[in-house]
Amino acid sequence: MATKSEEKGASIHFLRPRAQRPDGLGVHFVLRIDNYPHILRAYGSEVARSALGELNRILADFFRDDGLVTPEPDGRLEILLWNPALLGKLPLESACENWVHSFCAAIAMVPIECGDERLHLALSGAWTKLESIHLDVHDALASPALHALDRVRFSGEAPGHGDDWIARYRRDMVAAAELFGAIDAQESVNAFAAIDSEEPLEFSHHSGRQLALAWQPVRGAGDATGVLYYECLIRLIDSGGGSAPPDGLLESLERLGLVRALDHYILSAVIAELEQHPDVTLAANISAQSAQFDGWWQDIEQRLAADRSVAQRLVIEITETTVMPDIAAAAEFVSRMRSLGCMIALDDFGTGFASIRQLLALKPDIAKIDRLFLARAGLSRQDCAAFTHLVGLADALAPIVIVEGVESDEQCQLAIEAGAMWQQGYHHGRPSLTRTWRWSPEGVAGASLRGSSDLRVNSSASGRSS
C-alpha cells in the first residue's frame, strides 16, 4: 500500500510493505531538531511548534501502522518501530544507521512550511535495538538511544541574543532556502538513495535559480605539466543563463549547522562523475564541520570501498572557514578516507583556521596556499619573501603544494620561483560548466606524483614543488 505526504515546501513519497504489530524485536529511534532552540528564539514558539508538528507528520506518515512517533516539547521525536523490515533488506544495524543519517540529510534540504516562514531543520539521530517492543516509561528514559544522542554535538552556532542575532539568523535561513531550492530534484533523490524505498524522497523547487557544478583545473607549471586534477565548484545559474558563485551562502549553512547535507550531496555528485569517467581525477570541497567520520559517511564509504579505482581518483579538500570542531575526529576521518585510496587536501593554508597545527595533525597529501599570499607577493620584497617561506613550509609538511589565485604570467613566474609547480587560477583556466576531460587529451591518466601515491594525474607528465 502506498502512502503519500504532501506539504507546501516539499513532497516526500514512500512506498512500503506494511506489517501487523509483532510482539518481538523492535527499534527505538530518537531524532533531535538541533536548531529547535534557534527557531524558537528567532521565530517564536508558534513557528517552532509548527516545525516540530510538520516533522512529526512526515515521520508518522512514513511509519504509519509499523511504528509510533511521539514528539516532545524540547524538539525531540521518539519513534518505536515494531517492523524493522520497513527499513530494507540490509542487516539491522546497517539499515538503522542508513535510515537515520539519510533521513537527517534529506530533511535538511527540504523546506518546512511554517505559516509564512520556510525553514530548514538540522537533525541528529540515534537508535537502539529492543528485544521487546513493550516499553514502559522507565525503559524509554533509560534507552541507550537517548544517551547516544546526548553525545552528538551540534555543528552549527549556538543560539544568540538580541535583534541583530535574530536578523542574521533569519537571513541565513533565507540563504539556505535559496541554495537548497536551487538543487535539481532528481539529483537530490540520487544523493540520498541510502533510504531503501521504492518511491524515494522528492524535493520541490522554490528558487528561480539552479545549482550547477563547475570545474577548474589545477595545472602544472615549470617542470610540471598537464592537469593534476579538476576541482568541483558550485555555481548558481539564473533564469538568463548567467552563473555566479554562492558568495556567503556556505558560511550561512555552517552557522545554521546545515552544511553537511550540502557536502554530502556535492561529494556524491563528484563520485558519480568519477564512476562514469575512469580517466580523470576530481576534487570536492567539504567544510571542516563535515570532517568527522560517522553515519553521514556510511554510504560514501560503501561506494568508495566497492570501487577503489574511484577512490584513488578522488581528492577531498577540507576548507576551514570555521574552526574545526574536533581535530582528533578530523584526523580519524582523514585516515579512513585515505585508507580507501582518497587523497586529502587542506585548502586555504596560511589564512583563517588552516594553520600549521592542522597540517601536522591531519598530514594531508596536498597543501593549498591561499591566494592572498601570492597577491601580496608582488607588492614588496618582504611580502615576496613571506610567500616563498610559506611555500617552503607547506612543502616540508605536505608532499604536494598548490598555489591558488594565479591570474597572470607574472604571478605564475613568482610561484615557480618560490618552488610551487602546481597552480590554480584564471591564468590556468576559469571554472567551467563544461567537463573538458570528456574530449580533451588531458583526460588521459598518467604517472603518479610520488612513489607510494595512487593519485593519477590527468596528463602524461608530473612534477612537484621541490
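Author: Before we start, buried here means under 20% relative accessible area and exposed means over 50%. Also keep in mind that this is a predicted model.

Reader: Okay, let's look at helix α15. How many residues does helix α15 have, and what does it reach from its first C-alpha to its last?

Author: Helix α15 runs over residues 381-397. At 1.5 Å a residue, the expected reach is 24 Å, and the model comes close to that. So the count and the reach are 17 residues and 25 Å.

Reader: Which residues of α15 are buried?

Author: An α-helix has 3.6 residues a turn, so residues three or four places apart point the same way. In α15 the buried ones are D383, F387, L390, V391, A394 and D395. They sit on the same side of α15, because they cover an arc of only 135° around the axis.

Reader: You mentioned β17. Which residues of β17 point one way, and which the other way?

Author: In a regular strand the side chains alternate between the two faces of the sheet. Strand β17 covers residues 400-403, and all of them are buried. I400 and I402 point one way, and the ones pointing the other way are V401 and V403.

Reader: In what sense does β17 pair with strand β16, and over how many bridges?

Author: Strand β16 is residues 366-369, and I369 there has V403 of β17 as its bridge partner. The two strands pair in the parallel sense, and the number of bridges is 4.

Reader: What is the bridge partner of V403 in β18?

Author: Strand β18 is residues 422-423, and β17 pairs with β18 in the parallel sense over 2 bridges. In β18, the partner of V403 is Q423.

Reader: Through which helix does the chain cross from β17 to β18?

Author: The path makes a β-α-β crossover, and this crossover is right-handed. The helix on the way, residues 409-418, is α16.

Reader: Let's switch to charges. Which residue forms a salt bridge with K368?

Author: Side chains of opposite charge can pair when their charged atoms come close. For K368 the closest N and O atoms of the pair are 2.9 Å apart. K368 lies in strand β16 and its partner in strand β14 (residues 314-319), so the pair ties together parts that are 51 residues apart in sequence. Both residues are buried, and the partner is E317.

Reader: Which residues are linked with E317 and K368 in a network of salt bridges?

Author: The structure holds 16 salt bridges. In this network, E317 and K368 are linked with E231 and E404.

Reader: What about D74, the salt-bridge partner of R76: where does its accessibility put it?

Author: The closest N and O atoms of R76 and D74 are 2.8 Å apart. At 41% relative accessibility, D74 counts as partly exposed.

Technical notes: Residues numbered from 1 in each chain as written. Predicted model: local features only at pLDDT ≥ 70, side-chain atom pairs only at ≥ 80, totals over all residues. Heavy atoms only, no water. Buried < 20%, exposed > 50% of the residue type's maximum accessible area, 1.4 Å probe, protein only. Pairing = 2+ DSSP bridges. Right-handed = clockwise from strand over helix to strand, strands pointing away. Arc of directions from axis to C-beta. Salt bridge = Lys/Arg side-chain N within 4 Å of Asp/Glu carboxyl O.
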